[in-house]
Amino acid sequence: MRVYNFSAGPAVLPEEVLQEAAAEMLDYQGSGMSVMEMSHRSKVYDRIIKEAEADLRELMQIPDNYKVLFLQGGASSQFAMIPMNLMKNKVADYIVTGQWAKKAYQEAAVYGKANKIASSEDETFSYIPDCSDLPISEDADYVYICENNTIYGTKFKTLPNTKGKTLVADVSSCFLSEPVDVSKYGLIYGGVQKNIGPAGVVIVIIREDLITEDVLPGTPTMFRYKIHADNESLYNTPPAYGIYICGKVFKWLKKQGGLEAMKEYNEKKAKILYDYLDESSLFRGTVRKEDRSLMNVPFVTGSEELDAEFVKEAAAAGFVNLKGHRSVGGMRASIYNAMPIEGVEKLVAFMKEFEKNHTEA
C-alpha cells in the first residue's frame, strides 16, 4: 500500500510517472536496455535529454537567450558555483530568509564580499522581509534569494527590487509549482528532488550573457557554467536516469494543463490545510499569513510531547514524513505538485480527529 508522503525531499512523485518508469525499467522503448544502463552518448539518450529540455522550455516559456543546464551536486553545489562564475567584482548581496539562503551567503563569503542586506532570522525566518527598497551595493554582481523556504514555509510573493542588479534565485521547493517570468532573473536554479524528480539533479536556467570564460581564479572545470553550456549538459556523464524521470514529470505537468493549472491546484490544496490551521484550537501555523508557501506548511501544537504523538499516530495511519526539520521541530506537510488533493483532505480529517481526541475534557 502506498502512503501519503509529505516529505520535504526526496519527495512524492506522480504515480503515473513511477508506473511508466517501472514499465520501461528493463527495456526502454525497444532499446533492449534500461535508461539506467545506456550510454549518455547514445542517440536514444540524446533524444531523452533534448526532449526534457524542450518540454521544460515550453512549460516555463524560457526565452531563447537562456541556457538550460542539467547538472549534478544538488542545489548546494550552486552555493559555490554561483559566486565562482558571477562574482566579477567580488561583491554580492544576499537576502537571508532561511537555512539554505544562510548557507549560500556563508559560502559566497569564501569567494568575495557577501553582504546580508535583509534577513528574517530575528523571528526564526517566519516571514519575508520588505524588499521594496533595499540597500543594494553599487558594485554588487548580483542579488540572491531563496524564493521558497522549505524548512520555514515562507515564499516571496513579490520579487525584491534589485535596482537593476542581476537577480539569482534558488527555487528548489517551488520549481514548476506556478508560472514564472524567467526574464526577471539572471539565473534560476533548483535541486529537483522536491518537486520534479529523484535526488541528484540540479537544473540551472541562466541568461547567456552571464556565461563567460571570466570566472574566479581556481574555479574547477566542472564548476564552470560555460563548460556545461558549450557541451549541452553532456561534458561528463550526467545524472542520466534522474534527468529521464524529470523529463517524464515535465510531460505529466503538460498533461495536467501546465503551470497555470498547477498553480490553481496547489492553491486549492494549500487552502484546505491553511483554513483548518486558522480555525483549529490545537494546531497553528508558524508563518505570517501573507508569506505562506503553497508547497511547505509548518505547524505546531505548542507541546513537544503532543507534536511527537501526532507524528507517530499520523505515520501509523499512513501519513508519513510529517516531522518538522530538526532545526525547528513541530510538523511540516510538504504538498508538492504530485501530492493529490485527497491526500491533504485526508490529512486534515485525521488532524480533526486527533484534535478531538486530545482536547476533550
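## Ground rules

Two strands count as paired if DSSP finds at least two bridges between them. Helices (H or I, at least four residues) and strands (E, at least two) are DSSP runs, numbered from the N terminus. We're looking at a predicted model, where local features need pLDDT of at least 70 and side-chain atom pairs count only at pLDDT 80 or more, while totals for chains, interfaces and linings use all residues. Residues are numbered from 1 along each chain as its sequence is written, and side-chain values use heavy atoms, with hydrogens and water left out.

## The three-stranded sheet

S11 and S12 (residues 296-300) pair in the antiparallel sense over two bridges, with Gly285 bridged to Phe299 of S12. They belong to an open sheet of three strands ordered S11-S12-S14, with antiparallel pairing. S11 (284-285) and S14 (331-334) sit at the edges with a single partner strand each, so one side of each has no neighbour in the sheet.

H7 packs on this sheet and touches S11, S12 and S14 (contact: heavy atoms within 4.5 Å).

## H7 against H9

The axes of H7 (residues 258-279) and H9 (residues 341-359) come within 9 Å and cross at roughly 5°; axes are lines fitted to C-alpha atoms, for helices over the stretch in contact, with angles running from 0 to 180 degrees between N-to-C directions. That makes the two helices roughly parallel (under 35 degrees). Residues making the contact include Tyr265 and Ile272 of H7 and Val344 and Met351 of H9.

## Ser233

Ser233 lies in the loop between H5 (225-230) and H6 (240-256). Ser233 counts as buried, at 3% relative accessibility (the cut-off is under 20% relative accessible area, 1.4 Å probe, protein chains only).

Key. Parallel < 35°, antiparallel > 145°, perpendicular 65-115°, else oblique. Buried < 20%, exposed > 50% of the residue type's maximum accessible area, 1.4 Å probe, protein only.
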